[in-house]
Amino acid sequence: MSEQAPSKTNPDYSVPPVVRALAVLRHIAAGNRCRNTSKTAKEIGINRTTLIRLLATLEAERIIETLPDDGGYRLGTGLIALATEALNERGLIPTARPILGKLVESLNLSAHLGIREGREIIYLARETPNSHLASTVREGTHLPAHATTIGRILLAELSGAELRALYSTHPLEAFTDKTRTSLEELENQLAEDRARGMSWSVANFEHEIGSAAVAVYDHQGSAVAAINVTGHVSAFAPDSPLVNRIAAELKAAAREISEALGYRGWASEQM
C-alpha cells in the first residue's frame, strides 16, 4: 500500500493578542486618539475590555503615552526608541547625522531629521550651531505635520485622497497667523511645496522662526524622512541673501542622504 504525501498546508503561527496590539498601534499612529474606547473598539473590531487592557499594557511599556490636555493616546517614547534602533540598522540616522552637521557648519542654522506618523512628525536627529538661536527641539519630539516644514514636504508625497482621509474630520490648528487652517489652503500650499521640491516657512509655525525642508528617499523611491534647517525668520525672508544658498545646500544634503540609502531617481529626473 502506497503512502500518502504529507499535507503541505502552511501552519498559522500568528498570535491573536499580538495582532490586536498591532492593530491598536496602527490606529493610534494614524492620528486616532482612542478617547472613546467603545467607538475605538468597534472601529478596530475588538472587544472593549480587551482594548482597555491593551492600552494599559502598551502605556506601561511606554509604547504609547497619554495626552495630558485633552486625553487619549499617542505613540510613546518606547516605540520611538525601537523605531530609532530599526532606522539605525537601516542606516538612516547614522547616514544623516554627519550631513546635518555639515549643514550646520556651513549655514550656521540648526538642522533636523524627521519622519511622519499620521498627522504628526517625530524628530529623530538634531544638530545645532553654537548660538543662542539654536533649536531647542529634542529628538523624539512630536509636532503637527500640517504646520511644520518636515511635515509639509512629507504630506506633499500623499495623493489628494490620502490627504483628505487624513484630515477630513480633524481640524487644522493655527500656531501663527500664517498656518494653513483649512484643507483647501493646505492642499494649495502642498502643491506649491511639491512644485518647488521643498517646503518653506517664514514664521508659519513659530513667531520669529523660519525653516525649510526637503524629503529624503530610500532605494524604493519612497519618501522615508525629511531634513530641515531652522533659524531666525530673517534668514528665510524672500529678500534674504541666504535664501538661494539655503535651498541649494539643503537639496544637496537631502540628495546625498538619499543616494547613500540607494535612491537613484535623480538620474531619471534629469533625463
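**Cores, strands and ring pairs in a predicted model**

Q: How many residues are in the largest nonpolar core?
A: This is a predicted model. Residues with the most contacts inside its largest nonpolar core are L103, L113, W200, I227, V229 and F236. The size of that core is 37 residues.

Q: Which element gives the most to this core?
A: Elements that give two or more residues to the core include strand 3 (110-117), strand 4 (120-127), strand 6, strand 7, strand 8 and helix 9. Helix 5 (92-107) is also among them. With eight residues, the top contributor is helix 5.

Q: How many residues does the second, separate core have?
A: This core includes L143, I153, L154 and F205. Its count is 24 residues.

Q: How many bridges join strand 7 to strand 8?
A: Strand 7 (residues 209-217) has eight of its nine residues buried. Strand 8 covers residues 223-232 and runs antiparallel to strand 7. Y217 stands opposite A223 in strand 8. The number of bridges joining the two strands is nine.

Q: What is the bridge partner of S201 in strand 7?
A: Strand 6 (residues 199-202) runs antiparallel to strand 7, and four bridges join them. The two strands form a hairpin with six residues between them. In that turn, A203 has a positive phi of about 65°. Across the pairing, the partner of S201 is S211.

Q: Which residue takes a positive phi near 80° in the hairpin of strand 7 and strand 8?
A: Five residues lie between these strands. The one with this positive phi is G221.

Q: How many residues apart in sequence are the parts tied together by F175 and F205?
A: The whole structure holds three aromatic pairs. F175 and F205 form a tilted one, 4.9 Å centre to centre with 55° between the planes. F175 lies in the loop between helix 7 and helix 8, and F205 in the loop between strand 6 and strand 7, so the pair ties together parts whose separation is 30 residues.

Q: Is Y263 buried or exposed?
A: Y217 and Y263 form a stacked pair, 5.1 Å centre to centre with 25° between the planes. Y217 has a relative accessible area of 16% and is buried. Y263 has 9% relative accessibility, and the cut-off is under 20%, so Y263 counts as buried.

Technical notes
Residues numbered from 1 in each chain as written. Predicted model: local features only at pLDDT ≥ 70, side-chain atom pairs only at ≥ 80, totals over all residues. Heavy atoms only, no water. Buried < 20%, exposed > 50% of the residue type's maximum accessible area, 1.4 Å probe, protein only. Pairing = 2+ DSSP bridges. Phe/Tyr/Trp six-rings, centres within 6.5 Å; stacked < 30°, edge-to-face > 60°. Core = buried A, V, L, I, M, F, W, Y, C linked by side-chain atoms within 4.5 Å.
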